[in-house]
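Here's a quick tour of the model for anyone about to set up calculations on it. Have a look at the structure first, then read on.

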Amino acid sequence: MERRKFMYLAGASVAMAKVNPVFSLGSISSKGKGKMNFEYWRYDLKLKHTFTISRSSRDSVPVMLMKFEKDGITAYGEASPNARYNEAPNTVEAFFKKVDIAKLSDPFKLEDINDYLDSIAPGNTSAKAAVDIAMHDWIGKKLGIPLYKFFGVDKSKTPISTFTIGIDTPDVIEQKVREAANYPILKIKVGLPNDEEIIKAVRSVTNKPLRVDANEGWKSKEEALERINWLATQNVEFIEQPMPASQIDDIRWLHERVKMPIIADEAIESLYDIAEVATAYDGINVKVQKIGGLTKSRKLIYAARAHKMKIMTGCMIESSIGITSAVQISPLTDWTDLDGNVLINNDPFVGAENIDGKLLLNDEPGLGVLPRS
Ligand code: MG
């Protein structure tokens, strides 16, 4: 029989939750199958630098970490809710409270579980991603294989990750670029009136290739055209989401006039967006949190390939749980921007390593993440 409860367990056995309350969603027991348990807790990721993009500025990012236990196997998941997609810790919590964990009794049924999660409510992609990631972690641990093997990919083929430089004053930008000296490719956030100043500050320190993300910041197609043409003179490999996702006609107009690849991020929220996005963009940014998990991300990757599109694996600000889940599928893609866990200084987990941009997966079963002790 299912017992739903909402418990405050501060100081409980979960080591990394010492300063954070642990909310238990509930637990059920069933004969012969053993006990299942699903717990989640909020954790505030602290950024090393204030992180500014065109629409927001943050010093910390609240995520919801979760733990699923069945057959003596403990699996982890993470939701990094993003206001751009109408999510916050309270919406993740509200979603988790609607989950009937009896529906998770066979984690191998990923398709059924994803359908079930979608039947609870639309959207809520980070909450759904947390559950789907945990199901994958459990499957890998049950089978005794790392997830990259479950996905049939070569772990040596993880693309070199960019390191992200948020919007800032020129002197801070220069300092951040110097700190990122070991990363061979940088991702530069723009989309406010000081774009040119930012790129010039970067270029005063380094000549390495840049990828630029405007996060929907440019509102007119003429402005976007002018800025992309200028960026083309600055050794920039591609431009991500130059204009609002809703302005796809303007993006198509731009696409006909610039050589620089245009990558969709905010414009691609699900598999169902790909057909239209393919008419205006050269590639997509697949984020496990935005798409709703690994199952859906892999489907989107294959759908994008069918449209001959380039693919980047990207991220939100996430702990090593979320980042490592994305690293596991990254060999399927062309580029990675999986630095969310190296931008923070209190990652409660250890998982894939980022050595100067090279993402290294371990051979532990499942996700390959463990609580940092
Ligand atoms: Mg982006």
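## A strand residue to start from

F38 sits in strand β3, which covers residues 34–53; helices (H or I, at least four residues) and strands (E, at least two) are DSSP runs, numbered from the N terminus. With a relative accessibility of 0%, F38 counts as buried, where buried means under 20% relative accessible area, exposed over 50% and partly exposed in between, using a 1.4 Å probe on protein chains only. Between the C-alpha atoms of F38 and V202 there are 45 Å, and the two are 164 residues apart along the chain.

A word on provenance: this is a predicted model, so local features need pLDDT of at least 70 and side-chain atom pairs count only at pLDDT 80 or more, while totals for chains, interfaces and linings use all residues. Residues are numbered from 1 along each chain as its sequence is written, and side-chain values use heavy atoms, with hydrogens and water left out.

## The magnesium site

Which residues hold the protein donors of the magnesium ion? They are D213 (OD), E240 (OE) and D265 (OD), at 2.1 to 2.3 Å from the ion. Donors here are N, O and S atoms within 2.8 Å of the metal (3.2 Å for Na, K and Ca); water is not among the atoms, so sites may look incomplete.

Along the chain, the donors are spaced as D-x26-E-x24-D. E240 belongs to strand β9 (residues 236–240), and D265 to the loop between β10 (262–264) and α9 (274–277), so this pair, 25 residues apart, links distant parts of the chain. E240 is buried at 1% relative accessible area, and D265 is buried too, at 0%.

## Nonpolar cores

A nonpolar core is a set of buried Ala, Val, Leu, Ile, Met, Phe, Trp, Tyr and Cys residues joined through side-chain atoms within 4.5 Å. The largest one has 85 residues, of which L186, I188, I239, Y281 and I284 touch the most other members. Strand β3 gives the most to this core, with six residues. Domain 1 (2–144) and domain 2 (149–371) both supply residues, so the core lies between them; the domain bounds come from an automatic or database domain assignment.

There's also a second, separate core of 28 residues, with Y40, M64, L110 and Y116 among them.

## Helix packing

Helix α8 (residues 248–255) has I248, I251, W253 and L254 as its buried residues. Their cover includes α7 (221–231), β10 and α9.

Technical notes. Contact = heavy atoms within 4.5 Å.
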